[in-house]
Amino acid sequence: MNKIENQKFIFASLLLNLFLIGCIAGGAYKLFANNETGKVGQNALRFAAENLSQEQQRQFKKTLRVARREVKPLLATANEARTEVRKLIAEPKFDRQAVEVALAKTREADRAIRMKIEVTMLNYAESLSAEDRQKFADGLAKKGPLREPPIMMLKDN
């Protein structure tokens, strides 16, 4: 190899290293820069019990896993109905009644799933002491489908 080829190789290597360092730094920033909680992606219902003891958290997660297994057929039904809705909407001849039927099927499956998860959550809350239920309620205000909505600043026209 001559001197120019070596310089090109070194330059390419430096660019690649600079790119990799930028990727790692950007990923680290995204991972650790969540100002609200310091935790990324932890808004799921299973994190509502984070203020409870480790054993209570494990029990809640186990209870949710069982409920999710039980609703798998409903999830499949809802997903199939959503696929059907998209397919029907894309048809050259629009059949509103068929779309409404598919949407109703989706809505019913989603409602049944939500009811199962809510009943599971209530059964778990019922097993807690008053003090632990308060901690759980505080967690529900921050995590899961019952969390308080974020405050939005609306501009006046």
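Predicted model: local features only at pLDDT ≥ 70, side-chain atom pairs only at ≥ 80, totals over all residues.
**Helix α4**

Helix α4 spans residues 96–126. It comprises 31 residues and extends 44 Å from its first C-alpha to its last, close to the 45 Å expected at 1.5 Å a residue. Its buried residues are Val 99, Ala 102, Thr 106, Ala 109, Ile 113, Ile 117, Thr 120, Met 121, Tyr 124 and Ala 125. The elements that cover these buried residues include α2 (54–70), α3 and α5 (130–142).

| Helix pair | Angle between axes | Distance between axes |
|---|---|---|
| α3 and α4 | about 155° | 8 Å |
| α4 and α5 | about 150° | 10 Å |

Helix α3, residues 72–90, packs with α4 at about 155°. Because angles over 145 degrees count as roughly antiparallel, α3 is roughly antiparallel to α4. The crossing of these two helices is left-handed. On the α3 side, the contact is formed by Leu 74, Leu 75, Thr 77, Ala 78, Ala 81, Arg 82, Glu 84, Val 85, Leu 88 and Ile 89. The α4 side contributes Ala 98, Val 99, Ala 102, Leu 103, Lys 105, Thr 106, Ala 109, Asp 110, Ala 112 and Ile 113. By class, the residues of this contact are 14 nonpolar, two polar and four charged. Several of the α4 residues named here, including Val 99, Ala 102, Thr 106, Ala 109 and Ile 113, are also buried.

Helices α4 and α5 pack at about 150°, and α4 is therefore roughly antiparallel to α5. Met 121, Tyr 124 and Ala 125 of α4 meet Arg 133, Phe 136 and Leu 140 of α5 in this contact. Its residues divide into five nonpolar, no polar and one charged. Met 121, Tyr 124 and Ala 125 are likewise among the buried residues of α4.

**Lys 105 at the contact with α3**

Lys 105 lies in helix α4 and takes part in the contact with α3. Its relative accessibility is 48%, so Lys 105 counts as partly exposed. Leaving aside residues up to four places away in sequence, Lys 105 touches Thr 77 and Ala 81. Both Thr 77 and Ala 81 belong to the α3 side of the contact. Lys 105 and Ala 81 are 24 residues apart along the chain, and their C-alpha atoms are separated by 6.3 Å.

Technical notes
Residues numbered from 1 in each chain as written. Heavy atoms only, no water. Axes fitted to C-alpha atoms, helices over the stretch in contact; angles between N-to-C directions. Helix = DSSP H or I, 4+ residues; strand = E, 2+ residues; numbered from the N terminus. Parallel < 35°, antiparallel > 145°, perpendicular 65-115°, else oblique. Left-handed = near helix turned anticlockwise from the far one by under 90°. Contact = heavy atoms within 4.5 Å. Nonpolar A, V, L, I, M, F, W, Y, C, P; charged D, E, K, R; others polar. Expected span 1.5 Å × (residues − 1). Buried < 20%, exposed > 50% of the residue type's maximum accessible area, 1.4 Å probe, protein only.
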